Amino acid sequence: MNKIKIEQQVRELHVELWRSRQNLFPGREVSALQVLEPSALIEVLGASYLELPDLADQVFPYRGRYFETAGVMDRQAGHIAVSSRHTQTVTRFTAGHEAGHWVLHPHEVLHRDMPLDGSPKGIRPVIEKEADYFSACFLMP
């Protein structure tokens with residue numbers, strides 16, 4: 001994982017969000033921190049953002065256990081969806097994480113994740129760590 005490259009990509013997206021703030025937040029004066037909305041980032045990436053209350057009902061296996069779905073990145077459908085059943089912290093981090101997959105892993109067509117809040121989760125695949133880092137850098141510059 002090249003953290004410097006991820007940080008640079010996030011910084012470029014921060015700048016793009018700031019420059020696009022009037023289109024993203026029409027009729028509102030927003031601060032530099034307020035533009036750091038994962039939904040705005042996802043729009044800038046050219047995808048649609050959905051918060052779905054029933055997304056968590058979709059259960060998937062991971063390492064012999066079953067987890068509810070917290071987020072989905074579906075490149076073919078052109079959207080990123082997150083479950084609205086979780087806290088705002090988990091929802092925002094998960095949305096940033098899925099946006100990270102969109103930016104960092106263009107070969108990934110469909111990706112589902114369990115609830116994430118940025119806390120350590122033990123051994124995780126590299127692409128998951130990259131998406132976690134992307135989300136953390138995006139939300140807390």
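Author: A residue is called buried when its relative accessible area is under 20%, exposed when over 50%, and partly exposed in between, with a 1.4 Å probe and protein chains only. This is a predicted model, in which local features need pLDDT of at least 70 and side-chain atom pairs count only at pLDDT 80 or more, while totals for chains, interfaces and linings use all residues. Residues are numbered from 1 along each chain as its sequence is written, and side-chain values use heavy atoms, with hydrogens and water left out.

Start with Thr 91, which lies in helix α4 (residues 88–104); helices are DSSP runs of H or I with at least four residues, numbered from the N terminus. Thr 91 has 8% relative accessibility and so counts as buried. Leaving aside residues up to four places away in sequence, Thr 91 touches Tyr 49, Glu 51, Val 82, Ser 83 and His 86, where contact means heavy atoms within 4.5 Å.

Beyond residues up to four places away in sequence, Leu 104 touches Ile 6, Gln 9, Glu 130, Ala 131 and Phe 134. Its C-alpha atom is 7.8 Å from that of Glu 130, 26 residues apart along the chain.

Next come α1 and α5. Helix α1 (residues 3–19) packs with helix α5 (residues 126–139) at about 40°, with the axes 9 Å apart. Axes are lines fitted to C-alpha atoms over the stretch in contact, and angles run from 0 to 180 degrees between N-to-C directions. The two helices are therefore oblique to each other, a class left over once angles under 35 degrees (roughly parallel), over 145 (roughly antiparallel) and 65 to 115 (roughly perpendicular) are set aside. The contact involves Lys 3, Ile 6, Glu 7, Val 10, Leu 13, His 14 and Leu 17 of α1, and Glu 130, Tyr 133, Phe 134, Cys 137 and Phe 138 of α5.

In α5, the buried residues include Glu 130, Ala 131 and Phe 134.
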